[in-house]
Every structure is written in C-alpha cells, then in structure tokens.
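Welcome to this tour! Open your viewer, get ready to select residues by number, and follow along stop by stop.

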Amino acid sequence: MRKACVLGLVTFGLSIIVANGDIIPTLSSVTGSSPNFTWNYSANVTVDETINHGDFFTIYDFSSIMPTTHSEPVGWTFSTALVGPTPSLVSPTDNPSLWNLTWTYSGTAAIPGATALGMFSAVTNTDQLKSGQFTAEASRSNAPTGTKIDNIGNVSVPVPESTDLLPLIGVCAAALFFAPRLRRQHA
C-alpha cells in the first residue's frame, strides 16, 4: 500500500512538471534552393501560460553565418547573438561560434495560451538538419500569476556550413601527413 501511495505521488508530481509548458518552436519546413534555404518554425504557447511584452524564445547554434533575412508575425522582434539570450532557469548547450536566433514579443496585448503564435523564419545556405536546442520564457497565467516560466527543449537546426569544418579538416590532414613520419622515427 505504501509503495502504491509513493508511486501515485511521484506520478502526480511528474504530471505537474510536464504540464508546465511554455513557448514551443517546432521546425515546420525547409524551403528554397542553394544558397538560400528558408527554415520555417511554427511556435505555440501552451495552456496556463501567457505571452507578455518582453517574453521570448531562442533557437541555439542555428548558423555560422549571421542570418539577415527573416520573417516573424506582427508584434515580434528578431535578433541574433553568438551567446544567449537565455532565460535564467535553464542551461542550454550554446556554441559561441554559431549564431542564435531570438524572437521577442514586442506587442502590448497579452497572448493567452493555448495559442498558435505563427510562423518564424530565417534564411541560411543549407537544408541539412541536426538536432539542436531552444529555450523560452513566458509568463504564468495562473497562481502565482505573472511569474516567469522558463523551458528548454530540442528542435531541428541547420548543420553548420562546411567552413565550420575547416579547422577539423586541417587537424585530420596534419595527422595523416605526420603520422607516417612519426612511425618511421620510432622504428
């Protein structure tokens, strides 16, 4: 009986954690052709959350080339940074040599959840994808109302362009070049 009670409490606790969503971006499509591929993300705000002025979401390590072509719904502002911005309660993996994409709500009317926020897009020169991370910060719409909720999750992002691989290719080439010479010296 005691084990059943503990299991019930653990299950209830996990359901509370899972129920605390936030802003969730999802890759909807990649369109275009080389060298301009548009990465389209749909975003939603979950139940019991509200988007207020200043709330945001960041997609990490999107590209080694800073995206200058982008689109977003009215009331949202686009920005890029090599590090962050990151909500205070989460710790994503963030490569400081790859650009992060951030969309911040600049509107004045609150957006209640559960709501589809629209399509958010950025252009890069590849359509190859890998798993990356996103974070978000929104506001709680139930008690304690207005407190910030941070979340982190996985989202598809572009594979870094080949220029990011040049240092790795250089190291491999050097190893292949010097390995036979080192073996001859030790023989």
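**Stop 1: a buried aspartate**

Select Asp22, which sits in the loop between helix H1 (2–19) and strand S1. Helices (H or I, at least four residues) and strands (E, at least two) are DSSP runs, numbered from the N terminus. Before going further, note that this is a predicted model: local features need pLDDT of at least 70, side-chain atom pairs count only at pLDDT 80 or more, and totals for chains, interfaces and linings use all residues. Residues are numbered from 1 along each chain as its sequence is written, and side-chain values use heavy atoms, with hydrogens and water left out.

Now show the backbone of Ala138: the side chain of Asp22 reaches its nitrogen at 3.2 Å. This is a polar contact, meaning a pair of N or O atoms within 3.5 Å; within protein, one must be able to donate a hydrogen and the other to accept it, and residues adjacent in sequence count only if both atoms are side-chain atoms. Next, display the surroundings. Leaving aside neighbours within four places in sequence, Asp22 is in contact (heavy atoms within 4.5 Å) with residues including Asn44, Thr46, Glu49, Ile149 and Asn151.

**Stop 2: an open sheet**

Color the strands S1, S2, S9 and S5. In that order, these four strands form an open sheet with antiparallel pairing. Two strands pair if DSSP finds at least two bridges between them. At the edges you will find S1 (23–33) and S5 (70–71), each of which pairs on one side only.

How many bridges join S5 and S9? Two, in the antiparallel sense, with S9 covering residues 115–124. To see the two strands side by side, select His70, which stands opposite Ala122 in S9.

**Stop 3: backbone details**

Select Gly84 and Pro85. The peptide bond from Gly84 to Pro85 is cis, with omega near -5°. Pro85 is placed in the loop between strand S6 (76–81) and strand S7 (99–105). Then move to Gly113 and Ala114, where the peptide bond is also cis, with omega near -10°. Ala114 belongs to the loop between strand S8 (111–112) and S9.

Two aspartates come next. Asp48 is not a glycine, although its phi is positive, about 70°. Look for Asp48 in the loop between strand S2 (36–45) and strand S3 (49–51). Asp61, also a residue other than glycine, has a positive phi near 55°, and its place is in strand S4 (residues 56–63).

**Stop 4: a cluster of rings**

Show the aromatic side chains. There are eight aromatic pairs in the structure. Rings of Phe, Tyr and Trp (its six-membered ring) pair if their centres lie within 6.5 Å; planes under 30 degrees apart count as stacked, over 60 as edge-to-face and the rest as tilted.

Begin with Trp76 and Phe120, an edge-to-face pair with 5.3 Å centre to centre and 90° between the planes. Trp76 lies in strand S6 and Phe120 in strand S9, so this pair ties together parts that are 44 residues apart in sequence. Trp76 counts as buried at 7% relative accessibility, and Phe120 is buried with a relative accessible area of 0%.

Trp103 lies in strand S7, so its pair with Phe120 in S9 ties together parts that are 17 residues apart in sequence. Trp103 is buried, with a relative accessible area of 0%.

Finally, select Phe57, Trp76, Phe78, Trp103, Tyr105 and Phe120 together: ring pairs link them into a cluster.

Definitions and conventions
Buried means under 20% relative accessible area, exposed over 50%, partly exposed in between (1.4 Å probe, protein chains only).
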